[in-house]
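Biologist: Please put the model on screen, and let us go through its side-chain contacts one question at a time.

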Amino acid sequence: MTDLLAGTVASVHPRSAPARIWNVVRLHLIDRRTYIGIPWLIVGMAFVITVFIAQIIGFTTGGLGTPDAIEGQRYSWAVLSPQWYLVIVGVQAISFGFPLALGFGVTRRDFYLGTALLFVLISAVNALAFAVLTQLEQVTEGWWIDTYMFNALWLGLDGFWVDLFSFFVMELLVFFIGASVATIYMRWRMPGMLVFWSSLALAIVGAVTIITFTSSWPAVALWFGAQGIAGIFAWLLVPAALAGFGGFLALRRATPKN
């Protein structure tokens, strides 16, 4: 780790912008455990727990291979187990990585672009892995023991490419939500947090109020149904992009403080 850190520090100011941005990715990945190890440890633990719970249920109900049992496992949220942690990873990438990068002379622009590139790369790799695992789970009929974790919720319904795209967008969203919250706190501290969370709560409550008082919930449900899985996740690119761009703007004048 020391050699890698020294190599990264020595080259924080290469001439080309892509090289500087890539050095930020390398700087983050000095701590591979946070970005790669722990998320997949969570996935592994969730899978083991899912297997045990499924087998217990199968033993008490007479089997897991029935259509009803397979359909029931689709409502498990175990497949989303690492996403909650990745929000924290997004926070840590800014709150821990930004002061360190500034100490090495990295510009705010290069740091944020490198961090965003890291989010994109990890999201792409994880999305590919989950899409493949979903297909394997289907082919093996629940790993030959009628147990399903990855083929759950929307995954496995519309094929490999939709699974790949949807999971990629979801991971980007959680990363950038975490990063944007961290940049708001770093830029405006507690007053910024109060304004942000209050505004978000008012926006959500206001939207629910308008939809309720206009009796528009059936229309909202129809709209979501018409989008399909790919369409819904395509729309989620909008808040992901807003969070990413907003975080970039906030970080331009942020100053690390204790």
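Biologist: How many salt bridges does a search of the whole structure find?

Modeller: This is a predicted model, in which local features need pLDDT of at least 70 and side-chain atom pairs count only at pLDDT 80 or more, while totals for chains, interfaces and linings use all residues. Residues are numbered from 1 along each chain as its sequence is written, and side-chain values use heavy atoms, with hydrogens and water left out. Taking a salt bridge as a side-chain nitrogen of Lys or Arg within 4 Å of a carboxyl oxygen of Asp or Glu, the search of the whole structure gives 2.

Biologist: Which residues do the salt bridges that share partners join into one network?

Modeller: The side chains of R20 and D110 meet at 2.6 Å, N to O. This pair links distant parts of the chain, 90 residues apart, with R20 in helix 2 (residues 17-28) and D110 in helix 7 (residues 108-139), where helices are DSSP runs of H or I, at least four residues, numbered from the N terminus. D110 also meets the side chain of R109 at 3.4 Å, N to O. Because these salt bridges share partners, the network joins R20, R109 and D110.

Biologist: Is D110 buried or exposed?

Modeller: Buried means under 20% relative accessible area, exposed over 50%, and partly exposed in between, with a 1.4 Å probe and protein chains only. R109 has 44% and is therefore partly exposed, whereas D110, at 4% relative accessibility, counts as buried.

How values were computed. Helix = DSSP H or I, 4+ residues; strand = E, 2+ residues; numbered from the N terminus.
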